[in-house]
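Colleague: I have not looked at this structure before. Could we go through a few parts of the model together?

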Amino acid sequence: MYSDYIRNVAVIAHVDHGKTTLVDQLLYQSGMFRTEELDKLQAGENKLIMDSNPLEQERGITILSKNCAIFYTDAEGDEYKINIIDTPGHADFGGEVERVLKMADGVLLLVDAFEGPMPQTRFVLTKALENKLRPIVVINKVDRENSRPDDVVNEVFDLLVQLGAEDKALDFPIIYASGRQGWASTKLDVKTNNLKVVYDAIINHVPPPQAVPDAPLQMLVTNQEYSDY
């Protein structure tokens, strides 16, 4: 079935732990942009593709959830469509996270390799577990001075236990990454030059969407805007 080659994944984290930067790098490396388009983006004041809202650019944080689709071909030659949802990390926009998690079948949980799990990490992870979403843990900013990735992995495990996660969720895949430098690895002592392991982890650990043909039609309520004029 075609749906077997679709993955819907949300990226969740505390504010400023690198969600949007990582998603942008996934876009950069997907081959979906021409070289001249990437050059223009890199030359501009706002180098983040996903944070396109003027207020987001001004404040430097994600406010509105956004979706992007990436096409990725694995080692066997199968092409997958990966729908990635970039979510807000600030507690003020927690409702936005709750809404869009219903669209996902798995989550990338980003945690800063120095700061570790923070209050919003607990909140978004709680909501992910309530929606039966299994996390893929990405320890980001491992290139940061004084990073402590091993301790942070243990802290994430302890947090999952505190939240009553199921055994499958406790057996989470671990990826070490530097979103800013655009690389990721499954081994802390092995630095790569791309984010291939992130794509592969999504394909291997996030289930495809399960359609129920006989179920009633459902539509997710989205943000609405209006004009006084």
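Modeller: This is a predicted model. A place to begin is helix α5, which covers residues 119-130.

Colleague: How many Å does α5 reach from its first C-alpha to its last?

Modeller: Helix α5 has 12 residues. At 1.5 Å a residue, 16 Å is expected. The model comes close to that, with a reach of 17 Å.

Colleague: Which residue with a positive phi follows α5?

Modeller: The phi in question is near 60°. The residue that follows α5 with this value is lysine 132.

Colleague: Is α5 roughly parallel or oblique to α6?

Modeller: Helix α6 covers residues 149-162, and its axis lies 11 Å from that of α5. The two helices pack at an angle of about 55°. Angles under 35 degrees would count as roughly parallel, and 65 to 115 as roughly perpendicular. The angle of the pair therefore makes α5 oblique to α6.

Colleague: Is serine 178 buried or exposed?

Modeller: Serine 178 is in strand β6, residues 174-178. Leaving aside neighbours within four places in sequence, serine 178 is in contact with Asn140, Lys141, Asp143 and Trp183. Its relative accessibility is 1%, and the cut-off is under 20%, so serine 178 counts as buried.

Notes: Residues numbered from 1 in each chain as written. Predicted model: local features only at pLDDT ≥ 70, side-chain atom pairs only at ≥ 80, totals over all residues. Heavy atoms only, no water. Helix = DSSP H or I, 4+ residues; strand = E, 2+ residues; numbered from the N terminus. Expected span 1.5 Å × (residues − 1). Axes fitted to C-alpha atoms, helices over the stretch in contact; angles between N-to-C directions. Parallel < 35°, antiparallel > 145°, perpendicular 65-115°, else oblique. Buried < 20%, exposed > 50% of the residue type's maximum accessible area, 1.4 Å probe, protein only. Contact = heavy atoms within 4.5 Å.
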